[in-house]
Amino acid sequence: MSAREDVLSRIRSALRDSPAAPEIPRNYRRESSMTPEQRLEQLVERLMDYKATVFAVPAAGAAAKLAELLAGSASIVVPHGLPREWLSALPSDGGAPVRHVDSPGQPLTVAELDAVDAVVTGAAVAVSETGTIMLDGSPSQGRRIISLVPDRHIVVLRAADIVEVLPEAIALLDATRPQTWISGPSATSDIELERVEGVHGPRTLDVLILR
């Protein structure tokens, strides 16, 4: 008998007289009980509590607000499928940030991503109860790495894509796609509970919600 077979045999023997596992209750909430306005308010509250900066503007004002947020940035990265109209208000002269497009055919390197000032992406869905924004690798969101390496992440989220509870969001996501779940700027604490930001992702998170 091999070592592997010996270990498995002992496990089977130990489990032989174990009671059957109890059925797991599935009676948790699966859909929202809030109005769209209540979900928006709850999400903003959660995100601000996580130290994200949140702006809610009409969809028609997305370009102007993004231009304001990107003022002073020397360079940015965007996924290849980001709606062009969102960046249409950026200056056309030398004051505009250099725009790097990450695409499947021409992916940016880690060094190139680390050199930019900010990344702008869309979002798939957000959960107001937990303050979580989810990216699923769609063209407007791009590869996971572009939302993890730059020090600042600007997320554009449509208010219609805000749900209240996690099961609603799970039902909308494709489990086969790479996902990134974001609940505020990247932060961690050492053994003395000293908060350090930007260790595992962007130090700054700006959320632009289009109403």
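A salt bridge is a side-chain nitrogen of Lys or Arg within 4 Å of a carboxyl oxygen of Asp or Glu. By that rule, the structure holds nine salt bridges. The model is a predicted one, so local features need pLDDT of at least 70 and side-chain atom pairs count only at pLDDT 80 or more, while totals for chains, interfaces and linings use all residues. Residues are numbered from 1 along each chain as its sequence is written, and side-chain values use heavy atoms, with hydrogens and water left out.

Helices (H or I, at least four residues) and strands (E, at least two) are DSSP runs, numbered from the N terminus. Buried means under 20% relative accessible area, exposed means over 50%, and partly exposed is in between (1.4 Å probe, protein chains only).

The side chains of K65 and E68 meet at 3.1 Å, N to O. These two residues are three apart in helix α3 (residues 62-69), which puts about one helical turn between them. K65 counts as buried at 14% relative accessibility, whereas E68 is exposed at 51%.

Another salt bridge pairs R143 with D102, at 2.8 Å from N to O. R143 lies in the loop between β6 (132-135) and β7 (152-158) and D102 lies in strand β3 (residues 98-102), so the pair ties together parts that are 41 residues apart in sequence. Here R143 is partly exposed, with 33% relative accessibility, and D102 is buried, at 2%.

D206 and R152 also form a salt bridge, with 2.8 Å from N to O. Because D206 is in strand β12 (residues 204-210) and R152 is in strand β7, this pair links parts that are 54 residues apart in sequence. Both ends are tucked away: D206 is buried with a relative accessible area of 5%, and R152 is buried at 18%. Elsewhere, salt bridges that share partners join R29, E129 and E164 into one network.

A contact means heavy atoms within 4.5 Å. Leaving aside neighbours within four places in sequence, D206 is in contact with T53, R152, H153, I154 and V155. The C-alpha atoms of D206 and T53 are separated by 4.8 Å, although the two residues are 153 residues apart along the chain. The pairing with R152 also shows up as a polar contact between the side chains, at 2.8 Å. A polar contact is a pair of N or O atoms within 3.5 Å; within protein, one must be able to donate a hydrogen and the other to accept it, and residues adjacent in sequence count only if both atoms are side-chain atoms.

The side chain of R39 does make a polar contact with the side chain of S32, at 3.3 Å. Not counting residues up to four places away in sequence, R39 touches S32, M34, S128, I162, V163 and E164.

Back to helix α3: six of its eight residues are buried, so this helix is largely enclosed by the rest of the structure. The buried residues are A62, A63, K65, L66, A67 and L69. Their cover includes β1 (53-57), β4 (118-121), β7 and β12.

The surface has its own features. V7, I11 and L15 form a nonpolar patch there, with about 270 Å² of accessible area together. Patches are made of residues with over 30% relative accessible area and no salt bridge; like charges are joined within 9 Å, and nonpolar side chains (Val, Leu, Ile, Met, Phe, Trp, Tyr) within 5 Å. Accessible areas come from the Shrake-Rupley method with a 1.4 Å probe, and for residues only the protein chains shown count as cover. L15 lies in helix α1 (residues 3-15) and is exposed, with a relative accessible area of 55%.

Finally, K51 is placed in the loop between α2 and β1. K51 is exposed, at 53% relative accessible area. Its phi is near 75°, a positive value in a residue other than glycine.
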